[in-house]
Amino acid sequence: MAKTYTLTAKAEMKLVDNLNATIADFNYTHIFSNLTSDTTQRGDIVATTSGVFINVNLIQTRGILYLKNEEDVGDSSVRIDIGGTGIITIQPQEWIFAPIDIDTDKKIKVIGVTANATINYLLIEQ
């Protein structure tokens, strides 16, 4: 029997200048409820320089991707490709959290740019 989950995503950013004046203050919370284990996958992978694919077969059309580069070495950056197109490069200890569109032609490929890198990810059907 599938488990049901609730995901709470929060983002909080505040930009303050040297006079302690707030320039920008961003605070956002979104709750995704009734997620099931049938449409949720989590794991750790090692992104090699030739690339590794994240299995997107459980996701029908749209998903939410959280991906973190667990490395702490400066040359272990990771490029994220979706459908063969480079989307973003994340440095060690950086992460992304974004909605993504999935179809049979689009696959998520994680590539270690100059070295292998351990990646932690969570992919949820939206």
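## About the model

Because the model is predicted, local features need pLDDT of at least 70 and side-chain atom pairs count only at pLDDT 80 or more, while totals for chains, interfaces and linings use all residues. Residues are numbered from 1 along each chain as its sequence is written, and side-chain values use heavy atoms, with hydrogens and water left out.

Helices (H or I, at least four residues) and strands (E, at least two) are DSSP runs, numbered from the N terminus.

Let's start with strand E10, residues 117-125. Seven of its nine residues are buried, so E10 is largely enclosed by the rest of the structure. Here, buried means under 20% relative accessible area, exposed means over 50%, and partly exposed lies in between (1.4 Å probe, protein chains only).

Two strands pair if DSSP finds at least two bridges between them. Strand E3 (residues 40-47) runs antiparallel to E10, joined by eight bridges. E5 also pairs with E10 in the antiparallel sense, over seven bridges.

## The largest pocket

Next comes the largest pocket, with a volume of about 290 Å³. Of its 13 lining residues, Ala9, Tyr28, Phe32, Phe97 and Ala98 are the closest to the centre. A pocket is an open set of points on a 1 Å grid over the protein atoms alone, where a 1.4 Å probe fits, with protein on both sides within 12 Å along at least five of seven lines; lining residues have an atom within 4 Å of a point. Grid points are joined across faces, edges and corners, and the volume is the space filled by probe spheres set on the points.

E1, E2, strand E5 (62-69) and E8 each supply at least two lining residues, and E8 gives the largest share, four residues. The lining divides into ten nonpolar, two polar and one charged residue. Ala, Val, Leu, Ile, Met, Phe, Trp, Tyr, Cys and Pro count as nonpolar, Asp, Glu, Lys and Arg as charged, and the others, Gly among them, as polar.

## Two loop residues with positive phi

Most residues other than glycine have a negative phi. Asn20 has a positive value, near 70°, and lies in the loop between strand E1 (4-16) and strand E2 (22-36). Asn20 is exposed, with a relative accessible area of 64%.

Gln93 also has a positive phi, near 70°. Its place is in the loop between strand E7 (85-90) and strand E8 (95-101), and at 40% relative accessibility Gln93 counts as partly exposed.
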